[in-house]
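Thanks for making time this morning.

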Amino acid sequence: MDTAFAQRRRRDLIVAAIFAGLSALVPLFVKDVYVQNIMVLTLMYAALSQSWNILSGYCGQISLGHALYFGLGAYTTALLFTKFGVLPWFGMLGGGLISAAIAMALGYPCFRLRGHYFVIATIVIAETALLLFQNWDWAGAALGIDIPVRGDSWLKFQFTRSKLPYFYFALVLACVAWLVTWWLEDSKWGYWWRAVKDNPDAAESLGVVVFNSKMGAAAVSAFLTAIGGSFYAQFVSYIDPESVMGFQFSLLMALPAVLGGIGTLWGPVLGAVILIPLTELTRSFIGGSGRGVDLIVYGTLIVLISLARPQGLVGLFSPRRKEAAR
Amino acid sequence: MTAETIIQSLASGLLMGLLYGLIAVGLALIFGLMDVVNFAHGEFLMIAMYATFFLFAFFAIDPLLSAPLVAAALFVFGAVVYLLIVRFAVRAKANAGMVQIFSTFGLAIVMRGLAQYFFTPDYRSITHSWLGGKTISVAGIFLPVPQLCGALVAIAAFVGLYFFINRTDFGRALEATREDAGAVALVGIDKNRVFALGWGLGAALVGLAGSIMAIFFYIYPDVGASFALIAYVTVALGGFGSVFGAFAGGLVVGLVEASTALILPPSLKSIGIYAVYLLVVFVRPRGLFGSI
């Protein structure tokens, strides 16, 4: 479109490439396993939040049930590997496709709902899936699945000795999610989604097929979220329903985008970089006693940021982003 | 499964449903007043239960007597939450819906953290209250007395609320503000005051529910979360903002939960509620009593 926009997009791409390059070098200097672990989680949540942002930020359909797709990704990979010996890479792809298909099947009735009715439907559906998995004996019920160690290899995507391979995969995942968003932002879909978010009725009257564009956003968002879930299953090598499909995951996926700037390209990345290390550090340094101080810090932060900067923290970096963050 | 067990569980479902209605009505009231969903509603219930517990543990005040005290305390708490947090959240110009959700959600997390910090994550219960553990037999059906009492309190609260909204000046101000907040400002009603009182009233109602719940339910920092989702479903079933929709929604939820427990294992009993919610909104996207 206009040159200023094209320039901004080019600049975004260059900045992202520099950040990705620098991040790739970090493990050369940081050898501490605890810190590496936090970096892996930060990148994973950046990717997850970026995926969540596609449906909830750009298209405006606030989902608090994305744990469903995360869990489906994790379970598909783990079940295919433990029960049939299928390599995690195929499980990852399968989990992504299953999640995208389920997102569309659920979207068919749900996208007629608006506002809080939609939000509650997403929570209720994810909770239903959680209950079903907790009672599904073949899938390990509430005890979950222990993914057996078969030796370190990229083929089986298992690494017991070093966290580095997970770090690089998480980095690639975050970059892919960012690139997909970057590309979609300037595509036909991106414009449709923003129109649907701002005013669905006006968009419909101007010829945007509102329903189809919501379905598209849901499918892309669910696919990427499930890839994140598959990755997580391999990373922690033990999953159970509550730990991959619980409500807290839906919330943790949404928060970075909300704090960083919902419906913006950089919001989820910025939010994850601030929020995830903060969560992990408060948990290990003051929350270790299980006395809830981490929750108090974390919750206060959410309240303050959402009241003080409703457009998210990205607005602080560039005044021009303010319109984009709307 | 005999006819007797069916009647038995439907009767207890009905009692629980009335209590669910009482838990949810504050949420519906606040939503109807200002289109805000309080995502800390479950935590309001949690602190009411703790307040009841401590009044019992330290001063040996029975939950039945402390219920009005707890409701009054929650009234103040609700009004303060409005004045300190929600008042600013509704002013947000960008992402208004998101700001409301996450500012109240953040509050919920803080409240849970504070409860863990001060009260520890231990499960507590009130052991020797007047009503606790008693049952009464009506025509061969055994009814737990605490739940029966809760149901009566719920009915009384709904009747009181009906007269309050329709017969008092404050009730009329509440109705007028929900119709058109801009116009009431022109006739000299302070919108902020009405909203603060509305939040107080909503919190007082869930406080009442919390006192009754404390008689027969475990009290722990996360207890609100288990009831919050049920409350949202109840309110949404009735149609957001409809106070008497919440009453009907509560009855539906209680009965559906009881009948699900007859068919499915107890760990799956919530599935029936969720399924009914989805069915209802798919057919009527604004709930049973919401205007379309």
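**A helix at the interface, and what lies around it**

Let me begin with H13(A), where 12 of the 16 residues are buried, so this helix is largely enclosed by the rest of the structure. Please keep in mind throughout that we are looking at a predicted model.

The buried residues of H13(A) include Asp294(A), Leu295(A), Ile296(A) and Val297(A) at one end of the list, and Ile305(A), Ser306(A) and Leu307(A) at the other. What covers them? The cover includes helix H11 (247-260) and helix H12 (267-285) of chain A, together with helix H3 (63-89) and helix H4 (96-119) of chain B. As for its geometry, H13(A) reaches 22 Å from its first C-alpha to its last, which is close to the 22 Å expected for its 16 residues at 1.5 Å a residue.

That brings us to the contact between the chains, in which 33 residues of chain A meet 39 residues of chain B. On the chain A side, the elements that give two or more residues are helix H5 (115-134) and helix H13 (293-308). Sorted by class, this side of chain A has 19 nonpolar, 10 polar and 4 charged residues.

Let me stay in chain A for one more helix, H7 (residues 188-198), in which Trp192(A), Trp193(A), Val196(A) and Lys197(A) are buried. These four cover an arc of only 135° around the axis, which puts them on the same side of H7(A). On the other side of H7(A) we find Lys188(A) and Asp198(A), both exposed. The buried residues of H7(A) pack against helix H2 (33-58), helix H8 (200-205) and helix H9 (210-236) of chain A.

Now to chain B as a whole, which holds 11 helices and 2 strands. Reading from the N terminus, its elements run α-α-α-α-β-β-α-α-α-α-α-α-α. For 292 residues, a compact globule would have a radius of gyration near 19 Å, and chain B, with 19 Å, agrees with that. Its C-alpha trace spans about 60 × 50 × 35 Å along the principal axes, and 52% of its residues count as buried. If we take the contacts in chain B between residues at least 6 apart in sequence, 77% of them join residues at least 24 apart.

Which residues touch the most other members of the largest nonpolar core? They are Met44(A) and Leu19(B), in a core of 203 residues, and the largest share of this core, 17 residues, comes from helix H1 (residues 3-34) of chain B. Leaving aside residues up to four places away in sequence, Leu19(B) touches Gln147(B), Gly150(B), Ala151(B), Ala154(B), Ala209(B) and Ile212(B).

I will finish with two backbone details. Most residues other than glycine have a negative phi. Asp35(B), however, is not a glycine and has a positive phi of about 60°; this residue lies in the loop between H1 and helix H2 (41-59) of chain B. Asp35(B) is partly exposed, with 16 other C-beta atoms within 10 Å. Ala60(B), also a residue other than glycine, has a positive phi near 55°, and lies in the loop between H2 and H3 of chain B. Is Ala60(B) buried or exposed? With 9 C-beta neighbours inside 10 Å, Ala60(B) counts as exposed.

Conventions: Residues numbered from 1 in each chain as written. Chains lettered and ligands numbered in written order. Predicted model: local features only at pLDDT ≥ 70, side-chain atom pairs only at ≥ 80, totals over all residues. Contact = placed C-beta atoms within 7 Å. Nonpolar A, V, L, I, M, F, W, Y, C, P; charged D, E, K, R; others polar. Expected span 1.5 Å × (residues − 1). Buried ≥ 20, exposed ≤ 12 C-beta atoms within 10 Å, placed from the backbone. Rg over C-alpha atoms; globule rule 2.2 N^0.38 Å. Core = buried A, V, L, I, M, F, W, Y, C linked by C-beta atoms within 7 Å. Arc of directions from axis to C-beta.
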